[in-house]
Amino acid sequence: MQFVLLILHLIRFLTAPPSVPSIEKDGKMSLNGSIVGPFYEKAVLNLECETFGGKPSPEVSWFKGEEELDSESHVRVEKNGASTVTSTVKMTLDRDDLGAKIECHVDNEAIDDALVSWVEVDLHVGPSSLEVDGPDEPVIAGDFVTLTCTIQGAKPAANASWFNRSDALTVLPQTEIELEPDGTFTTVSVVEVPVSRHDHQGTYFCKGSNSVLQSKGEAPLLKSLDIQVLCEYLIQIIYLNSVCLSQPSFNPELLQPTTLQPGTQHGARLNRHNYSTVYYHLVKLCTTIFEIIS
């Protein structure tokens, strides 16, 4: 019995549990489970983990999820045999570190399970994608078209800016912002704009940016959409005794039936001659009349 007590006494003398690890960033202690940041993409994060009182010297390691991180440790042994261990980790942050928990694990022979402290990274990132949607078919001059710009993967949320060619749109868009599971935001900007014949083959642009891109001097994401516009034309054909007098010559059969509505014939006697006029209502991609009928 005395031998067993002696062994237990020796074990207690030779081993001691380490303290719960404390994490510091830039010399300031971070509470266990707290958030550090915000940081921008490509920023370098330096963390220090310290534990003391452990005998024998505890092992200190860093983890991000299941991944063990490279680190450096310094051990200082006190007169009573206890150790103070300081471990540092240095990592360059990227999109994969969104919401990451960085854990410091401390373990030695005096404890059954490792002691763990952790911090969560608050990472800000630029938008990852931008898409523009609009009409797939030509639209009629005078109508309104709906354009949608979707910007994903930004934190903080991205802002959308609309342009017609090089001019900023004066119409205010409707904007919705959604929080995604990974902590980023999706911005959906919808604008309704009137189109005229001058917008035919015009280009609408959406630009997406946030504070991350702006602080780094990087260009915003940019996508464009081309619009085709249909114009309505009223074409007058004059006949004398069934002979076409209009120039340039016009053959309605050459036009697509889907874009040509049959005209209405009006007879009249002018200077004792039998004149007739036929009007054709034509819907065609906006261009000049002579390009259409010549």
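Analyst: The discussion below takes up the disulfides and then one serine. Please note that this is a predicted model.

User: What is a disulfide, and how many does the structure hold?

Analyst: A disulfide is a covalent bond between the sulfur atoms of two cysteines. The structure holds two of them. In one, Cys 49 is joined to Cys 104, with 1.9 Å between the sulfur atoms. This pair links distant parts of the chain, as Cys 49 lies in strand 4 (residues 44–54) and Cys 104 in strand 9 (residues 101–107), 55 residues apart. Both Cys 49 and Cys 104 are buried.

User: Which cysteine is joined to Cys 149, and where in the chain do the two lie?

Analyst: Cys 149 forms a disulfide with Cys 206, at an S to S distance of 2.0 Å. Here too distant parts of the chain are linked: Cys 149 belongs to strand 13 (residues 144–154) and Cys 206 to strand 18 (residues 202–209), 57 residues apart.

User: Why is the disulfide of Cys 149 and Cys 206 called left-handed?

Analyst: The torsion about its S-S bond is about -80 degrees, so the disulfide of Cys 149 and Cys 206 is left-handed. The link of Cys 49 and Cys 104 is also left-handed, with -80 degrees about the S-S bond.

User: Is Ser 61 buried or exposed?

Analyst: Buried means under 20% relative accessible area. Ser 61 has a relative accessibility of 16% and therefore counts as buried. Its place is in strand 5 (residues 59–64).

User: Which residues does Ser 61 contact, leaving aside neighbours within four places in sequence?

Analyst: With those neighbours left aside, Ser 61 is in contact with Glu 68, Glu 103, Cys 104 and His 105. Of these, Cys 104 is the disulfide partner of Cys 49.

How values were computed:
Residues are numbered from 1 along each chain as its sequence is written. This is a predicted model: local features need pLDDT of at least 70, side-chain atom pairs count only at pLDDT 80 or more; totals for chains, interfaces and linings use all residues. Side-chain values use heavy atoms; hydrogens and water are left out. Helices (H or I, at least four residues) and strands (E, at least two) are DSSP runs, numbered from the N terminus. Buried means under 20% relative accessible area, exposed over 50%, partly exposed in between (1.4 Å probe, protein chains only). Contact means heavy atoms within 4.5 Å. A disulfide is a pair of cysteine sulfur atoms within 2.5 Å.
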